[in-house]
Amino acid sequence: MTAPLIDPFQRAISYLRVSVTDRCDFRCVYCMSENMTFLPKKELLTLEELDRMCSTFVRLGVEKLRITGGEPLVRRDIMTFFQSMTRHLESGDLRELTLTTNGSQLARFADDLYAAGVRRVNISLDTLDEKKFADVTRWGRLPQVLKGIDAAQKAGLLVKINTVALKGFNEDELFTLVQWCAERDMDLTFIEVMPMGDIGNEDRLDQYWKLTDLRARLSQEYTLTDLAERTGGPARYVQLEETGQKIGFITPLTHNFCESCNRVRLTCTGELYMCLGQEDMADLRAPLRNNPADDAPLEQAIRDAIAHKPKGHDFDYSRQAVDGQMSRHMSHTGG
Ligand code: SAM
Ligand code: SF4
């Protein structure tokens with residue numbers, strides 16, 4: 001039997017997040033600059049290589065696969081990749097196949113995703129105001145995303161909304177967003193803005209809205225019950241007693257979540273990042289491409305990489321300066 005992936009801190013690695021493209025049809029202000037230079041196509045893992053890579057991780061014990069980007073649904077023929085992962089769900093080796101998307105392409109793909117075995121999807125949405133939506137995503141249009149959300153629910157997908165908490169931007173929509181999600185039976189997770197990549201003229205500290213503050217405001221209107229649920233990541237959950245919905249808080253900057261970390265991240269070029277908040281990575285593309293008929297070198301490279309998974313991240317805003325700033329964008333490592 002293949003030995004599972006265990007890191008030096010005795011954490012079992014069972015969750016792989018895969019960025020399948022660095023490209024996107026939006027240019028969210030906290031994520032990208034308006035003029036992004038994207039990777040040449042030949043740098044990207046092909047869909048066949050992505051299959052081989054993910055299948056190797058599944059063989060080594062990964063049970064949950066999240067497809068992300070960039071915008072995963074703008075990668076050409078990405079549905080064939082989802083369809084090829086269905087075999088791991090059917091064999092029982094993979095427990096969950098899911099994705100994080102901006103929702104722009106869901107009206108086209110929701111049914112196909114469901115047919116491929118996807119049951120849940122995270123959709124990013126920071127505002128319900130059309131003008132503000134266009135401002136924050138630069139290239140996105142709200143009605144298109146709302147259609148995508150409708151299509152996802154109609155297809156039978158459970159939808160969770162991800163909202164980046166942005167000071168002075170969506171503070172005033174806190175209760176509107178919560179209610180809107182409750183009416184549609186959707187959970188909602190707030191994300192603290194993280195120092196990932198150069199984003200042009202935007203100032204990180206200006207954008208930073210502490211989730212402890214958001215939570216305090218929420219508790220003025222609702223009864224919050226802490227849930228014990230942990231996903232091995234930075235999210236913490238509460239239930240709103242009045243609506244029954246689950247609200248998540250992703251606070252990498254204010255809490256330490258690393259002791260139970262179960263995940264690693266693969267970029268679209270085959271780099272494996274052991275931690276979102278560290279620069280250290282391992283190149284898996286070379287062992288994959290140099291050995292087209294033999295997975296053993298790739299397996300060994302994965303094991304060697306996991307043996308270097310760091311204890312935790314170094315993000316810190318506490319001194320009113322952005323420490324632990326990462327040079328790569330979120331779209332590179334996959335959010
Ligand atoms: N394009 C897809 C989307 O927007 O859902 C998937 C990739 S996106 C990088 C994944 C998540 O990361 C989104 O929810 C986005 O809001 C979040 N994100 C991007 N940049 C971020 C940053 N600097 N801090 C916190 N969250 C960020
Ligand atoms: Fe694109 Fe998602 Fe980044 Fe927005 S957050 S620019 S949708 S990758």
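Student: Where does Arg 95 sit, and is Arg 95 buried or exposed?

Tutor: Happy to start there! As this is a predicted model, local features need pLDDT of at least 70, side-chain atom pairs count only at pLDDT 80 or more, and totals for chains, interfaces and linings use all residues. Residues are numbered from 1 along each chain as its sequence is written. Arg 95 is in the loop between α2 (78-91) and β3 (96-101), with helices (H or I, at least four residues) and strands (E, at least two) taken as DSSP runs numbered from the N terminus.

Student: Which residues does Arg 95 touch?

Tutor: Contact means heavy atoms within 4.5 Å. Setting aside residues up to four places away in sequence, Arg 95 touches Glu 63 and Leu 89.

Student: Which residues does UniProt list for "binding site"?

Tutor: The listing comes from an unreviewed entry, and such annotations may be inferred rather than shown by experiment; positions follow the numbering used here and feature names are shortened.

Student: Is Cys 258 buried or exposed?

Tutor: Cys 258 lies in the loop between β9 (246-250) and β10 (263-266). Its relative accessible area is 7%, so Cys 258 is buried.

How values were computed. Chains are lettered from A and ligands numbered from 1 in the order in which they are written. Side-chain values use heavy atoms; hydrogens and water are left out. Buried means under 20% relative accessible area, exposed over 50%, partly exposed in between (1.4 Å probe, protein chains only).
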